[in-house]
Protein chains: 2
Amino acid sequence: MQPAEILQAHIARTATLTPEEHAYFFSHFKPVSFKKGQAVIREGDKVEHEYFVLSGCLKAFFINDQIKMHILQFAMPTWWTSDYHALYSQSKATINVDCITDAGLLALSNTDREKLCRELRQVEYFFRWRTNKGYVAAQQRLLSFMNNDAKTRYEELLQLYPQLHHLVPKHLIAAYLGVSRETLSRLYNTVKK
Amino acid sequence: MQPAEILQAHIARTATLTPEEHAYFFSHFKPVSFKKGQAVIREGDKVEHEYFVLSGCLKAFFINDQIKMHILQFAMPTWWTSDYHALYSQSKATINVDCITDAGLLALSNTDREKLCRELRQVEYFFRWRTNKGYVAAQQRLLSFMNNDAKTRYEELLQLYPQLHHLVPKHLIAAYLGVSRETLSRLYNTVKK
């Protein structure tokens, strides 16, 4: 599928755009390509875009004072990613987003999203529901984190991203779960059985 | 201030409604009162409303298998609360919401929110941005949780809810932070100094 079709199929799950409206909507996205390991957003950057993933796999993360990496989100095809705190509040990035594999993205600026939301009613509806779902997912992850049962969190992760083990090195999965690599190996063996 | 005025002032920070539009918007909210300790949402309930807090203080929480309480959110005046996962997906509640103090709320049904979003453009804009902010807050809380520094989390909490110590018993603050009461006492003494 072409980028415009991938985006169209994604939007169509929530909102109804005519082919003309979709073409206009799509014209505001800028295709960007990144190599494995490249940064899309760096801590301290001004953040002006959000990204729709066409191909590849990314991680949103931060490194704390003890130089430990925490992964906030993986982003797979048809997921959106950015530092939304920085994007929405026009402040500097407090997290990093980089590419676990080569990645193809569509970038949409903050300004264009707001313009499109004003111009096309269904676009505003789409973004409202996309964020509603993101909000719920973030709350579910928080609940899962608070409940602090690493095995359940690992099973939830595999449900959310079934392809993860083929795409992502184990130390990144451990950083997402907030467990050591040893704990992850133990979980991996338990869950496989 | 009357309930209609409290809601109007809250909406006006984000969106622009004419007095007639606001009166129509407000007419869809149902005032409800709860006593200290009463449940607004119980695990397993069908969830059909979200709640705008006029007065009092609530907590959204769940109890895990080890009978340990985890607090997902406190809700103060002008905050919104519900089990959004259940509300948006029309599934049964997986968390509880109850009243830490007597509380006055305005209930809005899922159906009415969607109707109002279709009818009034600025209402859809308001709800999109309310959820955008909620999404960012949930992510910030998750980041803060992952980073696992109880002192910083405690300071963030006091910044977010400066009145908290006057409203909420210490064991609930500990349940929000995910620390023991002993750790909280230690933090309380450190941060006061």
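Which residues on the other side of H4(B) are exposed? They are B:Thr111 and B:Arg118, where exposed means over 50% relative accessible area, buried under 20%, and partly exposed in between, with a 1.4 Å probe and protein chains only.

A word on conventions: this is a predicted model, in which local features need pLDDT of at least 70, side-chain atom pairs count only at pLDDT 80 or more, and totals for chains, interfaces and linings use all residues. Residues are numbered from 1 along each chain as its sequence is written, chains are lettered from A and ligands numbered from 1 in the order in which they are written, and side-chain values use heavy atoms, with hydrogens and water left out.

Helix H4 of chain B spans residues 110-119, and its buried residues are B:Asn110, B:Arg113, B:Glu114, B:Leu116 and B:Cys117. These lie on the same side of H4(B), because they cover an arc of only 160° around the axis, taken from the directions from the helix axis to the C-beta atoms. Helices (H or I, at least four residues) and strands (E, at least two) are DSSP runs, numbered from the N terminus. The cover over these buried residues includes helix H5 (121-147) of chain A, as well as helix H2 (19-26) and strand S3 (49-55) of chain B.

Let us turn to B:Arg128, in helix H5 of chain B. B:Arg128 counts as buried, at 1% relative accessibility. Among the residues that B:Arg128 touches, not counting those up to four places away in sequence, are A:Arg113, A:Glu114 and A:Cys117; contact means heavy atoms within 4.5 Å.
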